[in-house]
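Reader: I am new to this structure. Please take a close look at one part of it, the aromatic residues and what surrounds them.

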Amino acid sequence: MRRSVVVTGMGVISPIGNSLAEFRRSLQQGKSGAGPVTRFPAQEFPVKVACEVKGFRPDWRTKVLDPFIQYALAASEQAVQD
């Protein structure tokens with residue numbers, strides 16, 4: 001038996017916003033998500049600027065997962081709530 005899932009809402013976790021409203025506002029204001037690399041020591045690399053997700057607080061149950069999975073789960077939860 002094959003199951004299907006349809007989500008008709010929207011959710012976003014990004015360098016310019018961790019909610020749909022914040023993301024939209026940042027887009028309208030032309031904000032950039034670029035900033036200094038903070039997730040690892042970047043001194044030995046030629047590029048020291050990245051677009052990292054800022055201010056994201058993962059659910060305590062997902063802290064053991066890789067960040068990209070945490071972002072996907074959080075955005076999915078937003079989409080379901082939307």
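Author: Phe 45 is partly exposed, because its relative accessible area is 39%. Here buried means under 20% relative accessible area, exposed over 50%, and partly exposed in between, with a 1.4 Å probe and protein chains only. This is a predicted model, in which local features need pLDDT of at least 70, side-chain atom pairs count only at pLDDT 80 or more, and totals for chains, interfaces and linings use all residues. Residues are numbered from 1 along each chain as its sequence is written, and side-chain values use heavy atoms, with hydrogens and water left out.

Phe 40 is also partly exposed, at 44%. Phe 40 sits in the loop between β1 (35-36) and β2 (49-50). Strands are DSSP runs of E with at least two residues, helices are runs of H or I with at least four, and both are numbered from the N terminus. Gln 29 is 11 residues from Phe 40 along the chain, and their C-alpha atoms are 29 Å apart.

Now the rings. The structure has two aromatic pairs. Phe 40 and Phe 45 form an edge-to-face pair, because their ring centres are 5.8 Å apart and their planes meet at 85°. Rings of Phe, Tyr and Trp (its six-membered ring) pair if their centres lie within 6.5 Å; planes under 30 degrees apart count as stacked, over 60 as edge-to-face and the rest as tilted.

Phe 56 and Tyr 71 are also an edge-to-face pair, with 5.1 Å between centres and 85° between planes. Phe 56 lies in the loop between β2 and α2 (67-81), and Tyr 71 in helix α2, so this pair ties together parts 15 residues apart in sequence. Phe 56 is buried, with a relative accessible area of 19%. Tyr 71 is buried too, at 17%.
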